[in-house]
Structure formats: C-alpha cells, structure tokens
Amino acid sequence: SSLSKGFDLVRSDPRIAALGLGQSCFEGAMYTFVFMWTPALKSVAESEAEANGTALSGTTTSSFLGLIFASFMVCVMIGSSVFKLCSGTKESLYRIPLYIHATACAAMTTVTLFLENKSVVFAMFLLFECTVGVFYPSYGVIKSERIPEDIRSAVMNIFRIPLNAFVVLLLLKIKFLSSRSSALAHGVAFLCYWYFHSTSRSEDKTKEKTSGMFVSAGDNEEEGVQL
C-alpha cells in the first residue's frame, strides 16, 4: 500500500524524515501561536481582571481582536507575495525555508524577551505571520520535487502523527503555553531543514559532477569516432 511505501521511504531517506519533521515542528509552533497570541497581547491588568471576572473601563485589547486578526491575514498574503518574488531559481527556493525558520525563531525569542512591551510583541507576531505566508508555498513546491507523487500524501500523513500528538499535548497543557515553547519548536524546525538542505545540496553537486563526467566522456568518444 501507499502508506507502507511511505514508511519505507521515510526509513530509507533521512532527508525526507528531516523535511517532514521540519514541517511538523513549524505547524506545531503555529498552533501554539493560535492559542497564545490573544493572552500575549493583553496587559497584566487585563489578564488579572479577566481572571477575577471583572471588567475594565475604557478601551482594551479585546476591543481590537478582530482588527488584529485581520492584520495577521494581510501579513500571510504579504508572505505569499514575497515567496513569488524570491523563488525565481531552484537555489533560492531551497534557501527560503532556512530564512523562514530562522526569522520565526528570532521573532518568538524576541517576544519571550520583551513580553511586557506589547508594541514589540505585536510587531513580532506580524513578522511571524509573514513567515507563515511563505512557509506553505515553499514547502509545497519542495515536497512536490522531492517526494514521489504516488506516495506524497501518505508520507505527509505519517508526519501528521507527531503533529497531532503535539496538538493534543497543547490542549492538555494549554495553561503552560508560552512563546518560549514556540521558539524552541522553530529552532528544531530550523535544524531539521538545515540538515535536509545541506545533504540535498551535497547530493545534487555529486549528481552534477557525475553527469558532467558522462557528458565529457561521450564527447571524447564522438571525437574519437570522427578522427
């Protein structure tokens, strides 16, 4: 079956395993963001009032949640446009996820360090949403090139297993969610994709050298025949 072939591919090719784990870690961090962005943007007074069941007078963060979410969606669209501009060559395409994971990790680390500064937190959340917009098309194109079409869905379903386990853990430990855990997940995703990128480049260079040797050998044979 396609699922067994998918398991065989993941076991035999650690690069595919690294690629799938990188995607799972990024999506897991993204689900963490879904649960944490609202409390992270609220002030201490708002959080205390919400815990005590009292209402604060004047405008609060809750009054602008719809506008904030809309700005997140705009940033996702901007990220998709950035991908179109930056994916002109194969080399640049395969480098994009490195920048995505590094930027997302830096953004969440900054949120952790400056959690009390809500302007910085909001700016970093916007930056993270831009990386989300770049993430899906870049990984989609890379998977289409590296994973055979007949087992692609099976392979990615395999990596839904750790992702779903991570989501269940989030729901069980939702009170302990933090930008630190999200930054850690992005760091792991960066390491996974860095391994995939470095090993894939080495293989591609080896193939290019081998094909170049065959081409030069063929040219020499043709010259010998002509002589």
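Modeller: A residue is called buried when its relative accessible area is under 20%, exposed when over 50%, and partly exposed in between (1.4 Å probe, protein chains only). This is a predicted model, in which local features need pLDDT of at least 70 and side-chain atom pairs count only at pLDDT 80 or more, while totals for chains, interfaces and linings use all residues. Residues are numbered from 1 along each chain as its sequence is written, and side-chain values use heavy atoms, leaving out hydrogens and water.

Colleague: Why is Y139 called buried?

Modeller: Y139 has a relative accessible area of 1%, and the cut-off is under 20%, so Y139 counts as buried.

Colleague: Which residues of α8 are buried, and how do you know that they line one face of the helix?

Modeller: Helices are DSSP runs (H or I, at least four residues), numbered from the N terminus, and in α8, residues 160-172, the buried ones are L163, V167 and L170. Seen down the axis of α8, these fall within an arc of 55 degrees, taken from the directions from the axis to the C-beta atoms, so they line one face. On the other side of α8, I161 and L172 are exposed.

Colleague: What makes a set of residues a nonpolar core?

Modeller: Its members are buried Ala, Val, Leu, Ile, Met, Phe, Trp, Tyr and Cys residues, joined through side-chain atoms within 4.5 Å. The largest such core here has 33 residues, of which F125, F128 and Y193 touch the most other members. Apart from it lies another core, of 10 residues, among them A17, I147, M156 and I158.

Methods: Helix = DSSP H or I, 4+ residues; strand = E, 2+ residues; numbered from the N terminus.
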